[in-house]
Amino acid sequence: MRNILAYYRLLKDVIVEQFEDSSGVRKSPYHSFVHHNILLSPVELPQAEYNKGLSVLAPYIISFGSLPPLEVAVEDNSLRFSMKSEEWVKGDILRLIKVECPAPDNNTPSSLDATYVDEVINEPENKLIMTSRLPNGAYAYVHIRNAVSRSLVSSQRLLLI
């Protein structure tokens, strides 16, 4: 649980509005993040490391919604997926979330850094999207569509590199 809490603390500004409310009960981003990740395989993070603000890289669910999930694959330290034009509309956003880790070992608690890059898709077309080689970390692409009263998102999980 400590690693989930540490990750939420790290990602809270990055994953705002990335969990759609399907139950009718309004959940905070914190509760949604914990709810979707609590039953995954536990990642051990000692209390002393948690108190220092450290985390262990983990493949957590960072968005959950009604748009089709992007089938992203790791290939030679890069992320790759095919953008299918029928799933995109003008103004949709492709968000690359990065949780980068300076330590080479995924199981060692480290000071992680989370950032994101948004690309607005105005001309959707069938094309292959591939990042350049990425450093050690966890990454995900999320499809975001701004609707009238809320954002629609794809359900995505971080991939470890």
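Which residues form one aromatic cluster? In this predicted model, the cluster is made up of Tyr 7, Tyr 8, Phe 19, Tyr 30, Phe 33 and Tyr 60. The report looks at the chain as a whole, then at these rings, and finally at one strand and its partners.

**The chain as a whole**

The secondary structure comes to three helices and 10 strands, and along the sequence these elements follow the pattern α-α-α-β-β-β-β-β-β-β-β-β-β. With a radius of gyration of 16 Å, close to the 15 Å that the globule rule gives for 161 residues, the chain is as compact as a globular protein of that length. Taken along the principal axes, the box filled by the C-alpha atoms is roughly 50 × 40 × 20 Å. Of the 161 residues, 42% count as buried, while the accessible surface of the chain comes to about 8,600 Å², with 51% of that surface belonging to carbon and sulfur atoms. Among contacts between residues at least 6 apart in sequence, 76% join residues that are at least 24 apart.

**Aromatic rings**

The structure holds six aromatic pairs. One of them is formed by Tyr 8 and Phe 33, whose rings are 5.9 Å apart from centre to centre, with 45° between the planes, and the pair is described as tilted. This pair links distant parts of the chain, since Tyr 8 belongs to helix H1 (residues 2–11) and Phe 33 to helix H2 (residues 29–37), 25 residues apart. Tyr 8 is buried, with a relative accessible area of 14%, and Phe 33 is also buried, with a relative accessible area of 0%.

Phe 33 takes part in another pair, with Phe 19: the ring centres are 6.4 Å apart and the planes stand at 85°, so the pair is edge-to-face. Because Phe 19 lies in the loop between H1 and H2 whereas Phe 33 lies in helix H2, the pair ties together parts that are 14 residues apart in sequence. Phe 19 counts as buried as well, at 13% relative accessibility.

Two arginines are also placed over tyrosine rings. The charged end of Arg 9 sits over the ring of Tyr 50, at 4.7 Å from its centre, and Arg 95 lies over the face of Tyr 116, at 4.1 Å from the ring centre.

Why is strand E7 described as largely enclosed by the rest of the structure? The reason is burial: nine of the 10 residues of E7 (residues 137–146) are buried, so the strand is largely enclosed by the rest of the structure.

| Partner of E7 | Sense | Bridges |
|---|---|---|
| E4 (residues 92–100) | antiparallel | eight |
| E8 (residues 151–153) | antiparallel | three |
| E10 (residues 159–160) | antiparallel | two |

Individual residues show how these strands face one another along E7. On the side of E10, Ala 138 stands opposite Leu 160, and for E8, Asn 146 stands opposite Ser 151. The link between E7 and E8 is a hairpin, which joins the two strands through four residues.

Key
Residues are numbered from 1 along each chain as its sequence is written. This is a predicted model: local features need pLDDT of at least 70, side-chain atom pairs count only at pLDDT 80 or more; totals for chains, interfaces and linings use all residues. Side-chain values use heavy atoms; hydrogens and water are left out. Rings of Phe, Tyr and Trp (its six-membered ring) pair if their centres lie within 6.5 Å; planes under 30 degrees apart count as stacked, over 60 as edge-to-face and the rest as tilted. Buried means under 20% relative accessible area, exposed over 50%, partly exposed in between (1.4 Å probe, protein chains only). A charge sits over a ring if NZ of Lys or CZ of Arg is within 6 Å of the ring centre and within 35 degrees of the ring normal. The radius of gyration is taken over C-alpha atoms; the globule rule is 2.2 Å times the number of residues to the power 0.38. Contact means heavy atoms within 4.5 Å. Accessible areas come from the Shrake-Rupley method with a 1.4 Å probe; for residues, only the protein chains shown count as cover. Two strands pair if DSSP finds at least two bridges between them.
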